[in-house]
Amino acid sequence: MNIITNVTLVSTNINKDLLKKYQDYYVIDKSFKIEDLLNKQKIIFFNVFNELEEDKIKEIYQILIDHQILFINYTNNMEEALLTKYLIIYDKENILIEGPTMEVLKNEKLLKRIGLSLPFMVELSLLLKDYNLVDNIYLDNKTLKGILWK
Amino acid sequence: MEINSLLKEYEIIGLISSYELKIKDGYVKDLSIKDISKALKMVLLDDSYLDKKISDLTLNELFKIDLLTKFNNDLIVVGNLSKYLNYKDIEYFKKLLLKLNNSYHKKIVVIDNDIKVFFNLVKMIVVIKDKKVLYTTNDFFDNNLYKYTKCPKIISFINEVNSSKVILNKTIDIYELIKDIYRSV
């Protein structure tokens, strides 16, 4: 599969078989040292960031971007989707939807129907929009607090 | 307090620790489980899995098979729900574990690094490292807990808001949070 940007890939049934579609990617499926990745061109992370804080994941991504290494993060954690600009959703073995992350996340009903949740700040913003309390999606606590309690 | 005493008192506890799924390879049909068809249904699988090899299963399916092998135990230990299951499945299995506790008096240990898995399920959270209990709490808003694991977004949002003049109720339910925000803006 030809992908030209960094991507989060989420599937309803996390499955190593899916990695076969990305055979030219180097698979990371356990703890790793970032130095060991810097000589790779393409990396796919398989469900490895569960225990890491977002800032730490962002740090890893930035190092890879600085070294022009293309990466995919295959996860079942929708919060991690917000850390890349492109998102692919698989329902079992087939791509259900893909595109810019925020565009894909607008398909709330579709995502929930297949068993995925929205990232918390996206869901909170959408609910607040329903109550006409905000008019946009805010991903940052402080920004949303500032909008709500001006 | 040791885990056994905590279990005696609280019956369902959440452990923040690492967990590895270990199931012997072989065919699902060869697992020694009474009424296996019914057990498969309870873990959202069907009879087509009887002829599958354990080593061919996905992480999601392995979790389910691991759980059904434990139905007859007095103590059920499950782990990594957040890593192996999607959101819908997590909510289903939390209800199933509660039922196993309420109706069949099973004691339950849930091991995970994602505190959200413990919401509306466990009565005590225990942090374990190198087999030692480092910390226990029954309060999801106990900031000391987040020295050991990631803070759920709903809690960090409420903490952020409450650091100013606005005071929101400490809730783990997004709909309660919305009502509270609506009342306070």
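Start by selecting Lys94(B): this lysine is buried, with a relative accessible area of 6%. Buried here means under 20% relative accessible area, exposed means over 50%, and partly exposed lies in between (1.4 Å probe, protein chains only). Before going on, please note that this is a predicted model, where local features need pLDDT of at least 70, side-chain atom pairs count only at pLDDT 80 or more, and totals for chains, interfaces and linings use all residues. Residues are numbered from 1 along each chain as its sequence is written, chains are lettered from A and ligands numbered from 1 in the order in which they are written, and side-chain values use heavy atoms, with hydrogens and water left out.

**Stop 1: around Lys94(B)**

Select residues 87-104 of chain B to show helix H5, where Lys94(B) is found. Helices (H or I, at least four residues) and strands (E, at least two) are DSSP runs, numbered from the N terminus. Contact means heavy atoms within 4.5 Å. Then pick Phe157(B), which is 63 residues from Lys94(B) in sequence and 24 Å away in space, C-alpha to C-alpha.

**Stop 2: the whole of chain B**

Zoom out to chain B, with its seven helices and five strands. The C-alpha trace spans about 60 × 35 × 30 Å along its principal axes. Of the 185 residues in chain B, 50% count as buried.

**Stop 3: where the chains meet**

Show chain A as well: 34 of its residues are in contact with 32 residues of chain B. Between the two chains, about 3,000 Å² is buried, and carbon and sulfur atoms give 63% of that area. Buried area is the accessible area (1.4 Å probe) that two parts lose on being put together, summed over both.

Two salt bridges are counted between chain B and chain A. The rule asks for a side-chain nitrogen of Lys or Arg within 4 Å of a carboxyl oxygen of Asp or Glu. Select Glu160(B) and Lys145(A) to see a salt bridge with an N to O distance of 3.2 Å.

**Stop 4: helix H4 of chain A**

Next, select residues 120-130 of chain A. Nine of the 11 residues of this helix, H4, are buried, so it is largely enclosed by the rest of the structure. Among the buried ones are Phe120(A), Glu123(A) and Leu128(A). Their cover includes helices H2 (101-105), H3 (108-113) and H5 (141-148) of chain A, together with H6 (153-162) and H7 (174-184) of chain B. Just after H4(A), look for Asn132(A), which takes a positive phi of about 55°.

**Stop 5: pairs within a helix**

In helix H7 of chain B, select Arg183(B) and Asp180(B), three residues apart, about one turn of the helix. They form a salt bridge, with the closest N and O atoms 3.7 Å apart. Arg183(B) counts as exposed at 59% relative accessibility, whereas Asp180(B) is buried at 8%.

Finally, go to helix H3 of chain A, where Lys112(A) and Glu108(A) lie four residues apart. Their salt bridge brings the closest N and O atoms to 3.3 Å. Lys112(A) is partly exposed, with a relative accessible area of 30%, and Glu108(A) is partly exposed at 26%.
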